[in-house]
Amino acid sequence: IIAVNESWRRFMESLGGPYANFGGGTNYLDLLESHSNCDTALVISEKVRDVMRGETTGFCHVYQNSSRPAEPWFQLKVHSFLSEGTLRMGLAHQDITDLKRAHDLQEHHNGQLLHAQDEERRRIARDLHEVTAQNIAMVKAELSIAWAASTGRRTAEQLREGILICDQVI
């Protein structure tokens with residue numbers, strides 16, 4: 001690591017212990033690999049090595065600092081470039097905790113909206129089944145009475161057609 005910004009320095013100091021002096025001169029891969037029990041560190045380490053081997057020119061990785069839900073979320077962006085024939089990499093860790101929380105809240109609200117839409121569809125279906133079907137059955141009953149009492153052939157056919165349509169709708 002050649003240089004770090006003030007935000008990163010403050011974050012590392014807040015962790016204390018061996019991280020307090022994490023900055024220029026530190027081997028980033030050594031730091032990642034010292035956390036062999038952390039899946040995120042191992043994934044990032046492998047992706048950095050892919051960039052070093054020239055298999056990719058960079059990557060973006062979103063991760064949470066800890067397994068505790070209140071810990072911050074970060075986005076790591078890595079890009080490689082050549083400087084005087086030497087491969088260099090720029091790494092930027094960005095605290096995206098507020099963005100992640102806003103995204104999670106939006107997902108929660110989307111879930112509530114979908115649930116409300118589903119409930120409204122069920123209500124409409126119940127209304128169609130309970131109210132509309134009953135009303136059509138009433139129309140059919142009235143048409144049946146009129147059909148039985150009809151004297152004209154044309155009228156009887158029209159009433160019978162209305163009864164059949166009611167059966168289809170029901």
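The model I am reading is a predicted one.

**Helix lengths.** I looked up helix H5, residues 153-169, and found that its 17 residues should span 24 Å, which agrees with end C-alpha atoms that are 24 Å apart. For helix H4, residues 97-149, I noted 53 residues and a reach of 76 Å from the first C-alpha to the last, close to the expected 78 Å. I also noted that H4 bends by about 30 degrees at Leu128.

Which residues of H5 are buried? I listed Ala156, Leu159, Gly162, Ile163 and Cys166. They cover an arc of only 120 degrees around the axis, so they lie on the same side of H5. I recalled that an α-helix has 3.6 residues a turn, so residues three or four places apart point the same way. The buried residues of H5 pack against H4, while the face turned away from them carries the exposed residues Arg153, Arg154 and Gln168.

**Salt bridges.** I recorded a count of 11 salt bridges. In one of them the side chains of Lys140 and Asp167 meet at 2.5 Å, N to O. Lys140 lies in H4 and Asp167 in H5, so this pair ties together parts that are 27 residues apart in sequence. Lys140 is partly exposed, with a relative accessible area of 26%, and Asp167 is partly exposed at 36%. I then found that salt bridges with shared partners join Glu46, Asp50, Arg53 and Glu55 into one network.

Notes: Residues are numbered from 1 along each chain as its sequence is written. This is a predicted model: local features need pLDDT of at least 70, side-chain atom pairs count only at pLDDT 80 or more; totals for chains, interfaces and linings use all residues. Side-chain values use heavy atoms; hydrogens and water are left out. Helices (H or I, at least four residues) and strands (E, at least two) are DSSP runs, numbered from the N terminus. The expected span of a helix is 1.5 Å times one less than its number of residues. The bend at a residue is the angle between axes fitted to the seven residues ending there and the seven starting there. Buried means under 20% relative accessible area, exposed over 50%, partly exposed in between (1.4 Å probe, protein chains only). The arc is that of the directions from the helix axis to the C-beta atoms. Contact means heavy atoms within 4.5 Å. A salt bridge is a side-chain nitrogen of Lys or Arg within 4 Å of a carboxyl oxygen of Asp or Glu.
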